[in-house]
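The following note sets out numbered comments for a colleague who is examining the structure. The points move from charged pairs to aromatic rings, and then to individual helices and the surface.

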Amino acid sequence: MPVRNALEALTMRPTHFLCSAWPWRSLAYLAGGALLGFATILAVVGLVLAGIVLSVVVVGIAGYIATVLSGVAVGRLERWRMRLVDNNALPDPHRPAPRAGIRAWVTLRLREQATWRELGYTMLSALMLCWMDALVVGLAIYLPSMLLLGPFYLDDEPLYLSVPIALAGIPLAVVAAYPVTAWAGARAAMARAILAPRIHDADTKLVEVTQSRARLVDAFELERRRIERDLHDGAQQRLVALTIQLGMARLELPAGSAADAQLARAHELAKQALTDVRELIRGVHPKVLTDRGLEAAVGEVASSAPMPVDVRIRLPGRLPSTVEVTAYFVVVEALTNVAKHSAAQRAAVTAEVTGDRLVLEVRDDGRGGANPSSGSGLVGLADRVATVDGAVALSSPPGGPTRLRVEIPMPP
């Protein structure tokens with residue numbers, strides 16, 4: 001599995017870590033942070049002084065505005081620099097200006113919360129972080145270099161003393177790679193926490209798309225229920241009646257006759273079609289879920305699973321329909337994956353409401369190694385949970401066990 005950031009790199013084997021590019025990338029990130037911080041100090045001081053000097057002719061206000069907007073430039077540079085120690089790109093939280101022109105751009109930026117967060121990060125970087133970056137980089141380079149270059153400046157010391165001192169610089173340089181990478185990872189994590197987009201930064205169009213997606217999900221669920229009712233009250237009832245009629249017709253024929261054999265085959269086909277329709281109804285929208293809730297529906301699914309499934313669901317009562325439906329189909333898909341891919345001997349399903357979220361877990365004792373990219377249905381499961389703003393976490397090391405955790409927010 002590829003290493004995504006500097007903090008994850010610290011969990012690698014020492015030989016792999018030291019031979020990788022992460023220590024050098026971390027060192028470059030911290031050195032760049034120190035230079036960026038010092039340059040920011042000079043730029044901000046210059047802009048403030050320009051604003052003070054030019055304030056007598058009103059033009060100085062531009063210097064103050066430029067000081068505030070300097071955080072936008074620093075934030076953009078920081079998001080670009082973070083790719084040195086974090087492979088997860090940080091998106092730009094700013095919206096495009098509604099119309100062309102510097103005035104529209106400045107007006108929009110001054111109204112955005114992201115601009116003020118970037119300004120706060122700029123001040124934090126200039127006042128504290130850049131100095132810490134310089135200190136870490138300085139110590140990581142100076143101390144090993146001082147030992148390694150000992151034979152060149154310790155002229156009055158014999159070689160049997162200066163050479164061991166120089167050799168001691170090698171393990172010191174190796175050890176220094178760890179605090180450098182750790183601080184770079186922590187530094188990037190702080191930057192991500194401050195500069196990452198917030199919900200309030202979203203464009204109005206994005207909010208409209210989210211609302212429209214919710215409406216589509218609701219409409220789709222209503223259509224599923226309509227189909228379920230039509231199948232349950234229409235096709236299923238007709239098949240039940242057909243099965244009964246065929247069974248009664250068999251009673252009128254002598255046993256063992258050719259007509260009885262043909263009718264028996266037709267009777268079996270009708271019963272198989274009825275079973276298929278019932279399975280289809282359960283897949284579209286199970287009636288037990290509508291009538292009795294999530295606990296009963298999950299229990300029914302668990303009872304038909306090919307392996308024993310322990311069910312422990314503790315709910316305060318009936319949940320909102322969207323939550324129940326999503327949780328039910330998560331369990332169905334998860335247990336299907338367990339039966340098909342895990343070779344598990346036993347599985348367990350737990351669910352409870354914690355705060356304002358339904359926490360659902362499906363575990364098995366199978367061989368593990370579940371991979372969403374292998375087409376095991378996990379991507380579709382995650383997409384279904386995403387439609388209700390839920391979150392999915394999967395732990396499936398090779399050899400097992402596999403643990404799927406789903407959190408679904410409860411609608412207000």
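**Comments on the model**

1. Glu112 and Arg109 are joined by a salt bridge in which the closest N and O atoms are 3.1 Å apart. Both Glu112 and Arg109 are buried. As the model is a predicted one, this pair, like every feature in the points below, should be read as part of a prediction.

2. The salt bridge between Arg346 and Asp310 also has its closest N and O atoms 3.1 Å apart. This pair links distant parts of the chain, 36 residues apart: Arg346 belongs to the loop between H13 and strand E2 (347-354), and Asp310 to strand E1 (residues 309-314). Arg346 is partly exposed, because its relative accessible area is 40%. Asp310 is likewise partly exposed, with a relative accessible area of 36%.

3. Arg192 and Asp86 meet through their side chains in a salt bridge, with an N to O distance of 3.2 Å. Arg192 sits in helix H8 and Asp86 in the loop between helix H4 (61-81) and helix H5 (102-111), so the pair ties together parts that are 106 residues apart in sequence. Which of the two residues is buried, with a relative accessible area of 8%? That residue is Asp86; Arg192 is partly exposed, at a relative accessible area of 23%.

4. In the whole structure, 14 salt bridges are found. A network of salt bridges links Arg357, Glu361, Arg363, Arg403, Arg405 and Glu407.

5. A search for aromatic pairs over the whole structure returns three. In one of them, Phe38 and Trp131, the ring centres are 5.0 Å apart and the planes are at 65°, so the pair is edge-to-face. Phe38 is in helix H3 (residues 22-54) and Trp131 in helix H6, and the pair therefore ties together parts that are 93 residues apart in sequence. Phe38 is partly exposed, with a relative accessible area of 29%. Trp131 is also partly exposed, with a relative accessible area of 48%.

6. Another aromatic pair is formed by Tyr328 and Phe329. The arrangement of Tyr328 and Phe329 is edge-to-face, with 5.1 Å centre to centre and 80° between the planes. Tyr328 and Phe329 are both buried. A further aromatic ring, that of Trp22, has Arg25 lying over its face, at 4.2 Å from the ring centre.

7. Helix H13 spans residues 321-342 and contains Glu324. Why does Glu324 count as buried? The relative accessibility of Glu324 is 5%, and a residue counts as buried when its relative accessible area is under 20%. A polar atom of the Glu324 side chain lies 3.3 Å from the backbone nitrogen of Leu319.

8. Leu335 and Ser321 are two residues of helix H13 to be read together. Leu335 is buried, with a relative accessible area of 6%, whereas Ser321 is partly exposed, with a relative accessible area of 31%. From C-alpha to C-alpha, Leu335 and Ala305 are 7.4 Å apart in space and 30 residues apart in sequence. For Ser321 and Leu294, the C-alpha to C-alpha distance is 9.6 Å, and 27 residues separate the two in sequence.

9. A nonpolar patch on the surface is made up of Leu18, Leu148, Leu149, Leu167, Ile170 and Val174. Together these residues have about 490 Å² of accessible area. Which helix supplies the largest share of the patch? Helix H8 (residues 159-195) does, with three residues. Leu148, another member of the patch, lies in helix H6 (residues 113-148). Leu148 is partly exposed, with a relative accessible area of 36%.

Note on methods: Residues are numbered from 1 along each chain as its sequence is written. This is a predicted model: local features need pLDDT of at least 70, side-chain atom pairs count only at pLDDT 80 or more; totals for chains, interfaces and linings use all residues. Side-chain values use heavy atoms; hydrogens and water are left out. Patches are made of residues with over 30% relative accessible area and no salt bridge: like charges are joined within 9 Å, nonpolar side chains (Val, Leu, Ile, Met, Phe, Trp, Tyr) within 5 Å. Accessible areas come from the Shrake-Rupley method with a 1.4 Å probe; for residues, only the protein chains shown count as cover. A salt bridge is a side-chain nitrogen of Lys or Arg within 4 Å of a carboxyl oxygen of Asp or Glu. Helices (H or I, at least four residues) and strands (E, at least two) are DSSP runs, numbered from the N terminus. Buried means under 20% relative accessible area, exposed over 50%, partly exposed in between (1.4 Å probe, protein chains only). Rings of Phe, Tyr and Trp (its six-membered ring) pair if their centres lie within 6.5 Å; planes under 30 degrees apart count as stacked, over 60 as edge-to-face and the rest as tilted. A charge sits over a ring if NZ of Lys or CZ of Arg is within 6 Å of the ring centre and within 35 degrees of the ring normal. A polar contact is a pair of N or O atoms within 3.5 Å; within protein, one must be able to donate a hydrogen and the other to accept it, and residues adjacent in sequence count only if both atoms are side-chain atoms.
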